[in-house]
Amino acid sequence: MPIPRRALVAAAVALVLPLSACGSGDSGGSTDASGRIEGDITFQTWNLRANFKPYFEGVVAAFEKKYPGTHVKWIDQPAEGYADKISADAAGGTLPDVVNVSPDLVAPLAKAGLALDLDKSAARYKKEYLAGAWAGHQVPGMTGTYAFPWYLNTGPLFYNKSLFEKAGLDASQPPTTYDELFTDALRLADKSDGKVATLANVPTIEDFGRYGVELMNKEGTAFSFNDTKGVQLLTKYKELYDAKALDPQALTATPESSGKKFLTGAVAMNPGSALDLGNFKKQAPNLYKNIGITDQITSTGKVNMYVMGVMVNARTKHTPAAVAFAHFVTDAQNQMSFAKKVAIFPSTAGSLDDPYFTKEDGTDETRVRVAAAKSLKNAVNYTPVLFSEQMKTALRNEIAKALQGKQSPRTALDNAVKACDTLLRQQG
């Protein structure tokens with residue numbers, strides 16, 4: 001079932017909000033969340049009603065029972081057009097009191113003064129969440145945190161043990177850093193005469209982050225992934241591409257095509273989920289028998305995570321109730337309950353120590369869940385909050401030219417940074 005992560009584009013929001021913020025005045029509610037918890041508020045989720053209606057109705061009922069003077073109206077918007085809907089509501093002054101957001105959606109709202117700064121209004125709750133998750137909705141160039149962290153997602157890497165063994169590598173010691181990955185990948189390609197690639201995808205902004213590249217300046221005004229370290233990473237990928245250690249079709253790869261390459265033994269490592277394990281069991285029993293599960297490759301010691309959040313509208317008329325409800329939805333008890341209904345992970349401190357995330361029971365689903373949960377405790381969201389879908393495309397296009405030898409890695413990243421900085425200025 002589809003769970004939104006960072007799937008939608010915030011460009012439309014970014015274009016409208018700077019205008020709407022100017023005309024909004026200061027007619028909003030108080031930032032003080034310490035008053036009496038009462039009043040009618042609206043809570044908006046993102047494509048969750050179809051699969052989780054009873055869960056959310058239960059959360060709303062429990063909150064209203066705990067705070068008898070409150071009433072929560074729950075609305076759900078479809079995945080398609082979610083950014084546009086938020087944009088229209090922000091411009092029209094009809095933004096709900098409590099809103100399900102991703103970091104890229106919260107950034108323009110925060111800049112427009114429409115997202116409540118929780119470091120000021122709800123700082124007492126900060127210690128309840130994983131540090132990396134709380135930081136997930138901070139915006140470069142601004143002080144503050146603009147949404148409660150909600151559910152997290154990440155994924156371990158699958159690798160084909162038999163392919164590692166055939167290349168003379170220790171299948172019980174898969175690569176964990178990029179340097180180890182590059183060494184093993186070149187060996188796998190060499191020993192298989194170019195028939196086995198280790199990777200099926202070109203590097204993304206998350207790869208640059210996990211390699212230790214500073215992606216953006218602290219002011220949030222310019223990107224910096226074209227530094228020496230960034231060029232070094234892309235140069236290594238070019239070496240892999242030339243040696244067929246990076247799949248020749250990587251430039252046009254999709255998750256489906258990458259998965260198929262892994263299934264047929266043409267690729268040695270690939271991200272995946274418990275659903276993939278089930279497919280391997282049916283379609284490729286030999287692969288299933290030889291599957292290894294390891295953490296994402298990272299040279300920083302921290303893997304990448306995707307984080308969803310719950311934002312409070314800074315203009316709500318019922319700040320205490322809105323903050324209390326946003327916290328209630330994202331507290332440890334409700335997050336744990338939600339995590340047992342769908343393959344996501346709670347952002348609350350200590351929750352990942354629950355046996356549900358630590359104890360194996362022999363099933364594929366648990367095997368993957370335990371592996372992913374273990375890596376999440378100190379994970380970070382490497383994708384810059386201000387990095388839009390258009391920017392991802394610009395980076396991918398320049399990387400493709402570098403891998404094909406049409407330009408140097410240095411020129412490619414300089415061009416990508418220039419394009420992304422231009423798009424950043426257009427965001428306002």
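Guide: Let us begin with handedness: a crossing is left-handed if the near helix is turned anticlockwise from the far one by less than a right angle, and right-handed if clockwise. In this structure, which is a predicted model, the crossing of H18 and H19 is right-handed.

Visitor: At what angle do the axes of H18 and H19 cross, and within what distance do they come?

Guide: The axes of H18 (residues 389-403) and H19 come within 9 Å, and they cross at roughly 165°. Angles over 145 degrees count as roughly antiparallel, and therefore H18 is roughly antiparallel to H19.

Visitor: Which residues meet there, and how do they divide by class?

Guide: From H18 come Gln 390, Met 391, Ala 394, Leu 395, Glu 398 and Ala 402, which meet a set in H19 that includes Pro 409, Ala 412, Leu 413, Asn 415 and Leu 424. The residues of this contact of H18 with H19 divide into 12 nonpolar, two polar and one charged.

Visitor: How does H10 cross H19?

Guide: The axes of H10 and H19 (residues 409-426) come within 9 Å and cross at roughly 120°, which makes H10 oblique to H19. The crossing of H10 and H19 is right-handed. Thr 228, Gly 230, Val 231, Leu 234 and Thr 235 in H10 meet Pro 409, Arg 410, Ala 412 and Leu 413 in H19, and by class this contact has five nonpolar, three polar and one charged residues.

Visitor: Is the crossing of H8 and H10 left-handed or right-handed, and why are they described as roughly parallel?

Guide: The crossing of H8 and H10 is left-handed. The axes of H8 (residues 178-191) and H10 (residues 228-242) come within 10 Å and cross at roughly 15°; angles under 35 degrees count as roughly parallel, so H8 and H10 are roughly parallel to each other. Tyr 178, Phe 182, Ala 185 and Leu 186 of H8 make the contact with Leu 233, Lys 236, Tyr 237, Glu 239 and Leu 240 of H10, and its classes are seven nonpolar, no polar and two charged residues.

Visitor: How should I read a pocket?

Guide: The general idea is that rolling a probe the size of a water molecule over the atoms shows where empty space is left. Here the second largest pocket holds about 760 Å³ of space. It is lined by 27 residues, of which Ala 135, Pro 140, Asn 381, Tyr 382 and Pro 384 are the closest to its centre. By class, the lining of this second largest pocket has 13 nonpolar, 10 polar and four charged residues.

Key:
Residues are numbered from 1 along each chain as its sequence is written. This is a predicted model: local features need pLDDT of at least 70, side-chain atom pairs count only at pLDDT 80 or more; totals for chains, interfaces and linings use all residues. Side-chain values use heavy atoms; hydrogens and water are left out. Axes are lines fitted to C-alpha atoms, for helices over the stretch in contact, and angles run from 0 to 180 degrees between N-to-C directions. Helices (H or I, at least four residues) and strands (E, at least two) are DSSP runs, numbered from the N terminus. Angles under 35 degrees count as roughly parallel, over 145 as roughly antiparallel, 65 to 115 as roughly perpendicular and the rest as oblique. Contact means heavy atoms within 4.5 Å. Ala, Val, Leu, Ile, Met, Phe, Trp, Tyr, Cys and Pro count as nonpolar, Asp, Glu, Lys and Arg as charged, and the others, Gly among them, as polar. On a 1 Å grid over the protein atoms alone, a cavity is a set of points where a 1.4 Å probe fits but cannot get out, and a pocket is an open set with protein on both sides within 12 Å along at least five of seven lines; lining residues have an atom within 4 Å of a point. Grid points are joined across faces, edges and corners, and a volume is the space filled by probe spheres set on the points.
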